[in-house]
Amino acid sequence: MQPARYHVAQRLIHWLIALVVLGALTVGFTLGTLGFEGARDRFGLEATNALYKYHKSFGVLILGLMVLRLGLWVALGRPALPQDMTVPQRLAAIATHAALYLLLIAMPVVGWMATAAGGFPIEFFGWVLPGLMAKDPALSEWLYGLHGTLGIAILAVAGLHVAAALWHWRVRRDGIMRRISLP
Ligand code: HEM
């Protein structure tokens with residue numbers, strides 16, 4: 001039997017990921033737009049280093065949370081979509097969710113690889129994780145470009161996801177929001 005709502009652990013992790021992704025995108029686009037020198041001139045060296053460190057730390061955290069989320073899906077299942085949703089609506093929901101899973105796993109992996117290939121440390125709060133790649137500045141530059149493109153894709157797909165959630169909540173009023181809401 002499929003559950004009527006997501007398990008409380010799945011609901012908590014959903015909103016935690018949403019919050020951390022919002023922060024990672026905001027800091028990421030700020031650093032990507034200004035570059036290291038631009039950020040240092042504007043915020044100072046210490047704050048810029050902290051922005052890089054926490055961007056990387058929260059990015060790695062997202063990867064861990066996504067793996068945990070997939071594990072919870074396998075272990076606990078997920079509620080079925082409402083019976084009265086049309087086939088195109090179902091396909092749109094499935095495609096958006098699949099894209100979000102893929103993007104939120106690919107994004108931190110590409111960020112990790114870009115950083116390691118650039119010869120920079122993979123900072124995770126108080127630790128430095130292994131880069132797992134040899135230094136290769138040309139590859140790093142290409143991967144940072146891909147990281148930026150994936151960031152725009154996440155913005156677009158997350159925008160669709162939020163718009164659909166608002167439509168279910170305020171227009172269709174079909175109880176979808178209650179399956180994932182915290183209370
Ligand atoms: C889901 C997780 C992540 C998201 C949503 C995210 C988002 C972004 C975005 C949108 C940018 C701006 C790219 C641009 O405009 O060129 C960026 C830059 C950056 N990201 Fe991430 N990122 C994530 C994970 C990571 C991880 C795990 C690392 C490394 C361990 C990392 C390292 C970096 C670095 C160093 C930059 C600055 C690149 C530059 O200065 O050009 N990111 N990130």
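Begin by selecting Phe 29, which sits in helix α1 (residues 8-43); helices here are DSSP runs of H or I with at least four residues, numbered from the N terminus. This is a predicted model, in which local features need pLDDT of at least 70 and side-chain atom pairs count only at pLDDT 80 or more, while totals for chains, interfaces and linings use all residues. Residues are numbered from 1 along each chain as its sequence is written, and side-chain values use heavy atoms, with hydrogens and water left out.

With a relative accessible area of 31%, Phe 29 is partly exposed, a class that falls between buried (under 20%) and exposed (over 50%), taken with a 1.4 Å probe on protein chains only. Setting aside neighbours within four places in sequence, Phe 29 is in contact with Gly 148, Gly 151, Ile 152 and Leu 155, where contact means heavy atoms within 4.5 Å.

Next, select the iron atom of the ligand, whose protein donors are His 55 (NE2) and His 147 (NE2), 2.0 Å away; donors are N, O and S atoms within 2.8 Å of the metal (3.2 Å for Na, K and Ca), and water is not among the atoms, so sites may look incomplete. Because His 55 belongs to helix α2 (residues 45-76) and His 147 to helix α4 (residues 137-172), the pair ties together parts that are 92 residues apart in sequence.

Stay on His 147, which counts as buried because its relative accessibility is 17%. Finally, display Tyr 52, where an N or O atom of the side chain lies 3.3 Å from an oxygen atom of the ligand.

Notes
Helices (H or I, at least four residues) and strands (E, at least two) are DSSP runs, numbered from the N terminus. A polar contact is a pair of N or O atoms within 3.5 Å; within protein, one must be able to donate a hydrogen and the other to accept it, and residues adjacent in sequence count only if both atoms are side-chain atoms.
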